[in-house]
Amino acid sequence: MLHPSAIIETKHIGQGTKVWANTHICQGAKIGKNCTIGENVYIGKNVIIGDECKIQNGALIYEGVEIGNYVFIGPAVCTTNDFCPTLKELDWAHRFKKTIIEDYASIGANSTIICGIKIARGSMIGAGSVLTRSTIENGVYYGNPARQKK
Ligand SMILES: CC(C)(COP(=O)(O)OP(=O)(O)OC[C@H]1O[C@@H](n2cnc3c(N)ncnc32)[C@H](O)[C@@H]1OP(=O)(O)O)[C@@H](O)C(=O)NCCC(=O)NCCS
């Protein structure tokens, strides 16, 4: 089910995936099967999202992010792709860094993910975190800056 108010510029949306109101999915994005993409979500150019993921309302998934399968992205999660943004350089897109979010990771509401890191399989990022470093498998991290708690 693709809500009529969603702006969908890609043809690559897997079977059974639902996209709710006012969400924008940009060109070249690839979304797998049976995902739920909530309201007011932004999914940038060439973003990859696997199967069975849940992306909650208001999440911002920018170009350069790759998400595996069974990943939970909480409401208002903000990813990034430019580590040190400045408009002094005209050609800023070359600065984009990748962020990888592996299978079964969960990111709590309103967290910010600094680009260039890997969130390993099964990691849990607590609500309101600012994650600046890669995580270990199944690690629990929270705070600003987020630190490993378990
Ligand atoms: C991180 C989380 C999974 C719990 O982890 P936990 O280690 O079991 O946490 P606990 O409840 O045992 O709390 C341990 C301590 O960390 C603090 N804490 C827990 N989550 C925190 C967070 N996200 N940020 C800062 N501190 C946090 C607790 O207040 C507690 O502090 P205290 O010892 O001074 O009382 C949970 O708090 C969380 O953030 N869940 C995400 C919720 C969410 O965003 N859901 C998506 C939308 S529905």
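The radius of gyration is taken over C-alpha atoms, and the globule rule is 2.2 Å times the number of residues to the power 0.38. I start from this rule, applied to a model that is predicted.

**Entry 1: overall form**

I checked the protein chain against the rule. For 150 residues a compact globule would have a radius of gyration near 15 Å, and the protein chain has 15 Å, so the two agree. I then took the extent of the C-alpha trace along its principal axes and got about 40 × 40 × 20 Å.

I looked up the secondary structure next and found 21 strands and 0 helices in the protein chain. Of its 150 residues, 41% count as buried. The accessible surface comes to about 7,900 Å², and carbon and sulfur atoms hold 52% of that. I also looked at contacts with a separation of 6 or more: residues 24 or more positions apart account for 15% of them.

**Entry 2: the ligand**

Which residues surround the ligand? I noted Phe72, Pro75, Gly108, Ala109, Gly126, Ala127, Tyr142 and Lys150. Sorted by class, this shell has 5 nonpolar, 2 polar and 1 charged residues.

- Alanine 109 uses a backbone N or O atom, which lies 2.7 Å from an oxygen atom of the ligand.
- Tyrosine 142 has a side-chain N or O atom 2.8 Å from a ligand oxygen.
- Lysine 150 has a side-chain N or O atom at 3.1 Å from a ligand oxygen.

How much of the ligand's accessible area does the protein cover? On its own the ligand has 910 Å², and the protein covers 38% of this.

**Entry 3: backbone in the loops**

I looked for a cis peptide bond and recorded the one from asparagine 144 to proline 145, with omega near -5 degrees. Proline 145 sits in the loop between β20 (140-142) and β21 (147-148).

I then listed residues other than glycine with a positive phi, among them asparagine 22, at about 65 degrees. Asparagine 22 is in the loop between β3 (18-19) and β4 (24-25).

I placed tyrosine 70 in the loop between β11 (65-67) and β12 (72-73). Its relative accessibility is 41%, so tyrosine 70 also counts as partly exposed.

Key. Residues are numbered from 1 along each chain as its sequence is written. This is a predicted model: local features need pLDDT of at least 70, side-chain atom pairs count only at pLDDT 80 or more; totals for chains, interfaces and linings use all residues. Side-chain values use heavy atoms; hydrogens and water are left out. A residue is near a molecule or strand if one of its heavy atoms lies within 4 Å of it. A polar contact is a pair of N or O atoms within 3.5 Å; within protein, one must be able to donate a hydrogen and the other to accept it, and residues adjacent in sequence count only if both atoms are side-chain atoms. Accessible areas come from the Shrake-Rupley method with a 1.4 Å probe; for residues, only the protein chains shown count as cover. Ala, Val, Leu, Ile, Met, Phe, Trp, Tyr, Cys and Pro count as nonpolar, Asp, Glu, Lys and Arg as charged, and the others, Gly among them, as polar. Helices (H or I, at least four residues) and strands (E, at least two) are DSSP runs, numbered from the N terminus. Buried means under 20% relative accessible area, exposed over 50%, partly exposed in between (1.4 Å probe, protein chains only). Contact means heavy atoms within 4.5 Å.
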